[in-house]
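Subject: A structure to look through

Dear colleague,

I am handing over the structure below, and after it you will find my notes on what turned up in it. Please keep the sequence and the 3D view open while you read.

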Amino acid sequence: MMFTFGLAFFQLMVYMATADCSPKLDNAVVEDLLTMLVKFKGSDNGNTSKWRDIPAFTASLSDVKNINAKEIVKFDKVWTNNGNHYDPNTGIFIAPREGLYHVSTTLMSVSGKTLYAHICLNESRIVGLFPGTGYSEATANIVLHLKKGDKVTVRGSGNHPYLYSSSVHYSMFSAYLIA
């Protein structure tokens, strides 16, 4: 498409250089071409979306928490929440539309204790995290094809409930639409 647009633009410039056109017509044609170019550059196959329309969130935990097996971690400090699709009261991110989403979490274990957790999609474990013992961190990143209404959470697993965080926000959870 860009090649076609470039060829048409080149041919028009050649025509304008050899034709006897009025300056008003020349300006109107150039303005129309620039408008088309801006629309093309700012589009995503005809879908012009602004950053505010992109589902995205980042939240962190602001204090130490012991989590039970399968308990959803409620990341209470919300940094970004475009569209309000993450609920800090439940710890659930609900995909507002189908697409590819990047999902990430970083978790830290309490000093001298262990932590085991998962990123879950609709109750199913997807990625496990086991930071190790005492002030150790683990990070998981995954790209998921989510359908509208899919729920993504971070949940505790097994007998390793010791999740550490503080006002420095060591433990975090994020997701955003990439395509």
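Which residues does Val78 touch, not counting residues up to four places away in sequence? Before the answer, please note that this is a predicted model, in which local features need pLDDT of at least 70, side-chain atom pairs count only at pLDDT 80 or more, and totals for chains, interfaces and linings use all residues. Residues are numbered from 1 along each chain as its sequence is written, and side-chain values use heavy atoms, with hydrogens and water left out.

Val78 touches Thr58, Ala59, Tyr86 and Pro88, where contact means heavy atoms within 4.5 Å. Val78 belongs to strand β3, residues 77-82, and the C-alpha atoms of Val78 and Leu61, which are 17 residues apart along the chain, are separated by 8.9 Å. Val78 counts as partly exposed because its relative accessibility is 27%; buried means under 20% relative accessible area, exposed over 50%, and partly exposed in between, with a 1.4 Å probe and protein chains only.

For the overall picture, the protein has two helices and eleven strands, these being DSSP runs (helices H or I of at least four residues, strands E of at least two) numbered from the N terminus. Along the sequence the pattern is α-α-β-β-β-β-β-β-β-β-β-β-β. Of the 179 residues, 39% are buried, and among contacts between residues at least 6 apart in sequence, 69% join residues at least 24 apart.

Asp150 deserves a careful look. Asp150 sits in the loop between β9 (137-146) and β10 (151-164), and although Asp150 is buried, it has no salt bridge, the nearest side chain of opposite charge being that of Lys147, 5.6 Å away. For the charges, Lys and Arg count as positive and Asp and Glu as negative, while His and the chain ends are not counted; a salt bridge is a side-chain nitrogen of Lys or Arg within 4 Å of a carboxyl oxygen of Asp or Glu.

Asn122 itself lies in the loop between β7 and β8, and has a positive phi of about 50° although it is not a glycine. Lys70, in the loop between β2 (65-66) and β3, likewise has a positive phi, near 70°, in a residue other than glycine.

How many salt bridges does the rule give? The count comes to one salt bridge, in which the side chains of Arg155 and Glu123 meet at 3.3 Å, N to O. Arg155 lies in strand β10 and Glu123 in the loop between β7 (114-121) and β8 (124-133), so the pair ties together parts that are 32 residues apart in sequence. Arg155 counts as buried because its relative accessibility is 11%, whereas Glu123, at 63%, counts as exposed.
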